[in-house]
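Biologist: Hi! Could you walk me through this structure, step by step?

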Amino acid sequence: MTQLFTPSELIVRDDSAMHAGHAGARPEGETHYKVEIVSPAFEGKSRVEMQRAVNSALKDEFDTGLHALSITARAG
């Protein structure tokens, strides 16, 4: 993701433990994440466009077990 968006700020937090027992959760975790990203690549994009871009960049992760992603994205 850093190569694609060249973010000036990127915070990734694994929140899987907070979702234990919920749909999509696995005992080993790595299913629920929160991403905060600031990138010049988002300049002129709507909130939905930014979130779609992040989701698209993480398609392989969704295909291999990522269940939920909370995204806070902004241009900068």
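Modeller: Happy to; we'll go through the sheet, a ring pair, a serine and the core.

Modeller: This is a predicted model, where local features need pLDDT of at least 70, side-chain atom pairs count only at pLDDT 80 or more, and totals for chains, interfaces and linings use all residues. Residues are numbered from 1 along each chain as its sequence is written, and side-chain values use heavy atoms, with hydrogens and water left out.

Biologist: New topic: which residues form the aromatic pair?

Modeller: Phe5 and Phe42, with 5.1 Å centre to centre and 40° between the planes, so the pair is called tilted. Rings of Phe, Tyr and Trp (its six-membered ring) pair if their centres lie within 6.5 Å; planes under 30 degrees apart count as stacked, over 60 as edge-to-face and the rest as tilted.

Biologist: What does that pair tie together?

Modeller: Phe5 lies in helix α1 (residues 2–5) and Phe42 in the loop between β2 and α2, so the pair links parts 37 residues apart in sequence.

Biologist: What about Ser39, buried or exposed?

Modeller: Ser39 counts as buried because its relative accessibility is 0%. Buried means under 20% relative accessible area, exposed over 50%, partly exposed in between (1.4 Å probe, protein chains only). Ser39 is in strand β2, and its side chain reaches the backbone oxygen of Phe5 at 2.5 Å.

Biologist: Last one: which residues make up the largest nonpolar core?

Modeller: There are 10 residues, including Phe5, Val35, Phe42 and Ala73. A nonpolar core is a set of buried Ala, Val, Leu, Ile, Met, Phe, Trp, Tyr and Cys residues joined through side-chain atoms within 4.5 Å.

Biologist: Which element gives the largest share of this core?

Modeller: β3, with three residues. Not counting residues up to four places away in sequence, Ala73 touches Ile37, Phe42 and Met50, where contact means heavy atoms within 4.5 Å.

Note on methods. Helices (H or I, at least four residues) and strands (E, at least two) are DSSP runs, numbered from the N terminus. A polar contact is a pair of N or O atoms within 3.5 Å; within protein, one must be able to donate a hydrogen and the other to accept it, and residues adjacent in sequence count only if both atoms are side-chain atoms.
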